[in-house]
Amino acid sequence: MASRPFTIAFAGDVMPGRDVEAALAARRPEEFWGDALPYLRDADLSICNLETPITTSSEKWKGAKTFKFKASPHTLSILKAANIALVGLANNHTGDYGTQGLLDSFEHLAKAGIAWCGAGRTLAEARRPAVLERRGLKLAIAGFSDRMPEYQAGEATPGHSFAWPPKGTGPVPELLAPFDGLGADLKLMSIHWGADLLKRPLASRRRFARALVEGGIDIIHGHSSHMTQGVEVIEGRPVLYDNGNAIQDFWIYLWPWTQRSAVFVLEIGSDGSRLRQIPMVTRGMTLRRPDPSLLRRMLARFGGLSRALGTTMTIEDGTLVTRLQLALPRALA
Ligand SMILES: [Fe+2]
């Protein structure tokens, strides 16, 4: 008898500081996830980008930068409420409170039992994939960012994994080599790339995504622009160029599409798989399913963005679905 598919759920940027942290005083942590909660909580593995250090430090990074975020350790209850097992730390904010803020983040995430990728105490550690086992399947997940090179790890100094895709496919071997010898059944890459408010992936990022997939990456989870971009399927593998926002208070962007995003659920079966994009709108720092007229517009927009990347997504039960060739490498527990 075929076992149920293996499911991986993806959310975009989570920034549990500032207004979200203030609201947490009067809310249960799961309330922020609203209608997105069951998709993440019930998946075999749930992943998001953590767009802030987790620290109580008051020492900001010294360089010039408009927004420097931080969130207190207890805000990790929001991630725990949605069963988030791993966060991406390679982004333009995890260094906002300097080296101490990043080291504090490692400590608090470890205490909370949440894995991370894309940052470490050294460059080798920042590039090393996190390895998680679920239902007998071994998943290796690495991350990198093309933003804030000032935050990058050195040979012996903490920071994030930085790579600059516009330079052709130069850094690909360095990003892929750390997967060697791990015996992973599925290889994932969490990537914080591209400028804010980009509606579509740049050609340079598409080239880079292809090089990563050709090098063995099975799933790319992109984020950074605060806008949900289209999905491309390369060699049967899904590239989510930008997941958009999840839990945040980014009111600075008045463009309403920064508050219209999605949760993605990848279902991998023994004879193929499918990716489901579930549109969500943020209202009052809570993810909600859009009302019917907004849902129609979101399905049209998101479907069109993927179509422009050569991906056909069909509408099923108010979500967008595409079939993939990605199959389970072994029987599931
Ligand atoms: Fe970012």
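This is a predicted model: local features need pLDDT of at least 70, side-chain atom pairs count only at pLDDT 80 or more; totals for chains, interfaces and linings use all residues.
Local features require pLDDT of at least 70, and side-chain atom pairs count only at pLDDT 80 or more, whereas totals for chains, interfaces and linings use all residues. Residues are numbered from 1 along each chain as its sequence is written.

The protein contains 8 helices and 17 strands (DSSP runs numbered from the N terminus: helices are H or I of at least four residues, strands E of at least two). Its radius of gyration, taken over C-alpha atoms, is 18 Å; the globule rule gives 20 Å for 333 residues, so the protein is as compact as a globular protein of that length. That rule is 2.2 Å times the number of residues to the power 0.38. The C-alpha atoms fill a box of roughly 50 × 45 × 40 Å along the principal axes. Buried residues (20 or more other C-beta atoms within 10 Å of their own, C-beta atoms being placed from the backbone) account for 51% of the 333 residues.

Six strands form an open sheet in the order β6-β7-β9-β10-β12-β11. Its pairing is mixed; two strands pair if DSSP finds at least two bridges between them. β6 (130-134) and β11 (231-234) are the edge strands, each with a single partner, so one side of each lacks a neighbour in the sheet. The twist averages 20° from one strand to the next (axes are lines fitted to C-alpha atoms, for helices over the stretch in contact; angles run from 0 to 180 degrees between N-to-C directions). β6 pairs with β7 (residues 137-145) in the antiparallel sense over 5 bridges. Valine 131 has alanine 140 of β7 as its bridge partner.

Key: A residue is buried if 20 or more other C-beta atoms lie within 10 Å of its own, exposed if 12 or fewer, and partly exposed in between; C-beta atoms are placed from the backbone.
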